[in-house]
Amino acid sequence: MIIDQETQLWLWSETTITTFALKVANLYLQKKYSSSPIPATVINRIKEPETFKALFPTWVPFEEVENSEDFIPGDPQDLNSLLEERTKFRSIDEVRARNLPKGCDLKSLEQYLNDEDFRKVFKMERKEFYKLPRWKQISLKKEMNLF
């Protein structure tokens, strides 16, 4: 959920926020506030700061639920910092080992390789790779242990 106060943007999620949601919120910020940026904060259920709760006429706290390994609520984070961490390039070994932050897209591991590593692994440029039929991309990713 995105809440725009015009002085602060909040991106709230009940589970681990996806990188896609971060990109959407960032694009929204760039389009609406390009001339005068505002802070953007990513928050999770149970870890909502008082300034966020104050936006609502009443706040009913979420019941504490047992956290799974898939989701452990984190403290509020700056949207840009989190997006940067999620989209930065990683080494081939890190990507193959899936040593990536929670919320990264594990179905598109190739996106975390820099251009040089991408060429080394797939023996082609990204443009060429993404022009291939989807079945061929998947086949190549499987061969390279990136699927």
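1. Some ground rules to begin with. This is a predicted model, in which local features need pLDDT of at least 70 and side-chain atom pairs count only at pLDDT 80 or more, while totals for chains, interfaces and linings use all residues. Residues are numbered from 1 along each chain as its sequence is written, and side-chain values use heavy atoms, with hydrogens and water left out.

2. Strands are DSSP runs of E with at least two residues, helices are runs of H or I with at least four, and both are numbered from the N terminus; two strands pair if DSSP finds at least two bridges between them. Strand 3 (residues 40–44) runs antiparallel to strand 4, with 2 bridges, and Thr41 has Asp78 of strand 4 as its bridge partner.

3. Next, the surface. Ile2, Phe20, Val24 and Tyr28 make up a nonpolar patch with about 370 Å² of accessible area together. Such a patch joins nonpolar side chains (Val, Leu, Ile, Met, Phe, Trp, Tyr) within 5 Å, from residues with over 30% relative accessible area and no salt bridge; a salt bridge would be a side-chain nitrogen of Lys or Arg within 4 Å of a carboxyl oxygen of Asp or Glu. Areas are from the Shrake-Rupley method with a 1.4 Å probe, and for residues only the protein chains shown count as cover. Helix 1 (residues 19–32) gives the most to the patch, with 3 residues. Phe20 is in helix 1 and is exposed, at 64% relative accessible area (exposed is over 50%, buried under 20%, partly exposed in between).

4. UniProt, in an unreviewed entry, places "domain: HP" at residues 84–147; such annotations may be inferred rather than shown by experiment. This span is 52% helix and 0% strand, and its end C-alpha atoms lie 23 Å apart.

5. Is Glu110 buried or exposed? Glu110 sits in the loop between helix 4 (92–96) and helix 5 (115–122), yet counts as buried at 2% relative accessibility. Beyond four places in sequence, Glu110 touches Phe118, Phe122, Arg126, Phe129, Tyr130 and Lys141, contact being heavy atoms within 4.5 Å.

6. Pro101 lies in the loop between helix 4 and helix 5 and is partly exposed at 23%. Leaving aside neighbours within four places, Pro101 contacts Glu85, Arg86 and Arg90.

How values were computed. Patches are made of residues with over 30% relative accessible area and no salt bridge: like charges are joined within 9 Å, nonpolar side chains (Val, Leu, Ile, Met, Phe, Trp, Tyr) within 5 Å. Buried means under 20% relative accessible area, exposed over 50%, partly exposed in between (1.4 Å probe, protein chains only).
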